[in-house]
Amino acid sequence: MRIPFELAETLAVVVDEGTLDAAARRLHVTPSAVSQRIKALEEQLGRLVLVRSKPVRATDAGTSVIRLARQLALLEHDALAELGADDGETAVTSVPLAVNADSLATWFLAPMADLARRHPVVFDLHRDDQDFTAGLLESGTVMGAVTSRAVPVAGCRSSALGAMRYEAVATPGYVERWLTGERAEDLPHAPLVDFDRRDDLQNAWLARQGVEPARPPRHYVPASNDFAAAVRLGLGWAMLPRFQSHDALERGELVLLGGPPVDVALHWQQWNLRSPLLDAIAGAVVAEGRRVLAPV
């Protein structure tokens, strides 16, 4: 059994774009041609590769084919580079990566920009909580990920980056309004800001203060920069990385609430595939992470 690259690539594009029509526009063919390619792939494999939902999603078999398509595209890029093809002759390679919101908002884009200047590559960044980005590697959605998971995902290798250090901060006005007495008595009633319902950083800090995490009222602000802005505007207190709080702390616009910081150890995981491009991405991410993050 053989899997034609064109058919595997088409499946990957369909899943990336979410619909057959959008995939057709990207591939410069008709939606009927896309549908025929997917049908041909399913007939050749003898199993379904696509769930035709909105958006579409890959089956387990389709996930394996998509991983193959991404690996082949990467190997093609590396082969052309070794053959000395000019940038104009080398197709720009799309590399999907997963990263947590706070890294994306602070340090992660700088190495991506440097890589894009040196290689014919574009990045398809998937943002998710650091506890869940490894799942995107397992599914074949991405080739590399910033994750809190140290143990390598099957078929991947892992490198330590450092720790994102979070500290509890609030505005002076907020502290004056909500935290004037004993912290253990005030914190259960003081509004806090959570990124989303999977964000447990504030809960971890509250537990260390001897406060039941479920008690305080909370706002939800699911965007990293807006999350920090909500704290600076006095909406509530929250755990912010020093990247986002340093200037405001220096100006007195924010104050530390005390207590130990919460460190989140981060790792870079990527497919265990010999690829100069993927190795260059890993080298840039690991170097920048170890430069700016706190030692574990």
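Helix H5 (101–106), helix H10 (201–208) and strand E11 each supply at least two residues of the lining of the second largest pocket, where helices (H or I, at least four residues) and strands (E, at least two) are DSSP runs numbered from the N terminus. This is a predicted model, in which local features need pLDDT of at least 70 and side-chain atom pairs count only at pLDDT 80 or more, while totals for chains, interfaces and linings use all residues. Residues are numbered from 1 along each chain as its sequence is written, and side-chain values use heavy atoms, with hydrogens and water left out.

The second largest pocket has a volume of about 340 Å³. A pocket here is found on a 1 Å grid over the protein atoms alone, as an open set of points where a 1.4 Å probe fits, with protein on both sides within 12 Å along at least five of seven lines, and its lining residues have an atom within 4 Å of a point. Grid points are joined across faces, edges and corners, and the volume is the space filled by probe spheres set on the points. Of the 21 residues that line the second largest pocket, Asp 102, Asp 129, Gln 130, Phe 195 and Asp 199 lie nearest its centre. By class, this lining has ten nonpolar, two polar and nine charged residues, with Ala, Val, Leu, Ile, Met, Phe, Trp, Tyr, Cys and Pro counted as nonpolar, Asp, Glu, Lys and Arg as charged, and the others, Gly among them, as polar.

The largest pocket holds about 470 Å³ of space, and of the 21 residues lining it, those closest to its centre are Glu 9, Arg 26, Ala 73, Val 92 and Ser 94. Helix H1 (5–17), helix H2 (20–27), helix H4 (60–82) and strand E3 each supply at least two residues of this lining, and H4 gives the largest share, six residues. The lining of the largest pocket divides into eleven nonpolar, four polar and six charged residues.

Helix H4 also carries Arg 70, which counts as buried because its relative accessibility is 8%, buried meaning under 20% relative accessible area with a 1.4 Å probe and protein chains only. The side chain of Arg 70 reaches the backbone oxygen of Gly 140 at 3.1 Å, which falls under the polar contacts, pairs of N or O atoms within 3.5 Å of which, within protein, one must be able to donate a hydrogen and the other to accept it, residues adjacent in sequence counting only if both atoms are side-chain atoms. Not counting residues up to four places away in sequence, Arg 70 touches Asp 16, Pro 96, Gly 140, Thr 141, Met 143 and Trp 271, a contact being heavy atoms within 4.5 Å.

In helix H10, Leu 206 is buried, with a relative accessible area of 0%. Leaving out residues up to four places away in sequence, Leu 206 touches Leu 187, Leu 192, Val 211, Pro 213, Pro 216, Arg 218 and Trp 237. Leu 206 and Asp 196 are ten residues apart in sequence and 17 Å apart in space, C-alpha to C-alpha.

Val 231, in helix H11 (residues 224–232), likewise counts as buried, at 0% relative accessibility. Beyond its neighbours within four places in sequence, Val 231 is in contact with Val 169, Ala 170, Thr 171, Val 193, Gly 236, Ala 238, Leu 240 and Leu 254.

Helix H6 (residues 109–118) has Pro 111, Met 112 and Leu 115 as its buried residues. They lie on the same side of H6 because they cover an arc of only 105° around the axis, the arc being that of the directions from the helix axis to the C-beta atoms. These buried residues pack against strand E3 (93–99), strand E4 (121–127) and helix H13 (276–292).

For the protein as a whole, the secondary structure comes to 13 helices and eleven strands, and the C-alpha trace spans about 70 × 40 × 30 Å along its principal axes. Buried residues make up 46% of the 296 residues, and among contacts between residues at least 6 apart in sequence, 73% join residues at least 24 apart.

Methods:
Buried < 20%, exposed > 50% of the residue type's maximum accessible area, 1.4 Å probe, protein only.
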